[in-house]
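Student: I would like a close look at a single part of this model. Please keep it brisk.

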Amino acid sequence: MAATVLVVEDERKLRDLVRSYLERAGFTVLSTDSGAEAITLASTSAPDLVILDLGLPDVPGETVARELRATPGTGATPILMLTAKSAEEDRIRGLELGADDYVTKPFSPRELVLRVQAILRRGGSDPRTAQGVTSYGGGELVIDEPQRQATVRGTPVALTPTEWGVLVALATVPGRVYSRFELINRVRGYEFEGYERTVDSHVKNLRRKVEDDPASPQIVQTVLGGGYRLGLARDD
């Protein structure tokens, strides 16, 4: 079944161009120029991914992203932000809102399609690597790779594809320190200049969901000068 992508972009020519490239790549495409309608469409149509322009005329894209992340039915829907803001700080702020990726205008439509495909690959389980259900820290964390579900202290948590990718990468070898460079390449599957720092944003979002106290993390730990590690041991 073809994945469905919701394109939220107020420039009609650009919206039609993105739709054309996505449909050519085999996706089903929904589109709107309204932030308010995007929130409704995301809730009623359950798209597999949202391409979200931040400069919308009615509801700011940042507000749309917050609404999607705060709504149970769309909380884990991947978001790829599309914006004319190219400064690194703008990109970091976008990712901290829960975006999985960030593309600045002008952009290559073909690259955009590749980014969409990469995000959706991260969101699904891979039959070549999925090994079933693994428990860590005496059951504090349970990772079910075939179902793409993480459970923390008995409660399932809704993770975006990038948050899921970071957690699974860290859980591959608990206690091993993974550099930001390693994580971004494991999670995204490609190198991109300036993206190492964005790992921090995704880790920050991940900690809000899995830690009792994000300020004193026990599951996703920081190693100064090194990167990140999973602070729980794998259960026998």
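Student: Leaving aside its neighbours within four places in sequence, which residues is Phe107 in contact with?

Tutor: This is a predicted model. Phe107 is in contact with Leu14, Val18, Leu82 and Leu112, once neighbours within four places in sequence are set aside. Its place is the loop between strand E5 (101–104) and helix H5 (109–123). Is Phe107 buried or exposed? Phe107 has 17% relative accessibility, so it counts as buried, because the cut-off for buried is under 20%. Gly138 is another matter: it is 31 residues from Phe107 in sequence and 47 Å away in space, C-alpha to C-alpha.

Now move into helix H5. Glu111 and Arg115 are four residues apart there, so about one helical turn separates them. They form a salt bridge, with the closest N and O atoms 2.8 Å apart. Glu111 is partly exposed, at 33% relative accessible area. Arg115 is buried, at 4% relative accessibility.

The structure holds 13 salt bridges. One of them pairs the side chains of Arg180 and Asp200, at 2.7 Å from N to O. Arg180 lies in helix H7 (residues 180–188) and Asp200 in helix H8, so this pair ties together parts that are 20 residues apart in sequence. Arg180 is partly exposed, with a relative accessible area of 27%. Asp200 is also partly exposed, at 26%. Elsewhere, salt bridges that share partners join Glu9, Glu11, Asp53 and Lys105 into one network.

Key:
Residues are numbered from 1 along each chain as its sequence is written. This is a predicted model: local features need pLDDT of at least 70, side-chain atom pairs count only at pLDDT 80 or more; totals for chains, interfaces and linings use all residues. Side-chain values use heavy atoms; hydrogens and water are left out. Helices (H or I, at least four residues) and strands (E, at least two) are DSSP runs, numbered from the N terminus. Buried means under 20% relative accessible area, exposed over 50%, partly exposed in between (1.4 Å probe, protein chains only). Contact means heavy atoms within 4.5 Å. A salt bridge is a side-chain nitrogen of Lys or Arg within 4 Å of a carboxyl oxygen of Asp or Glu.
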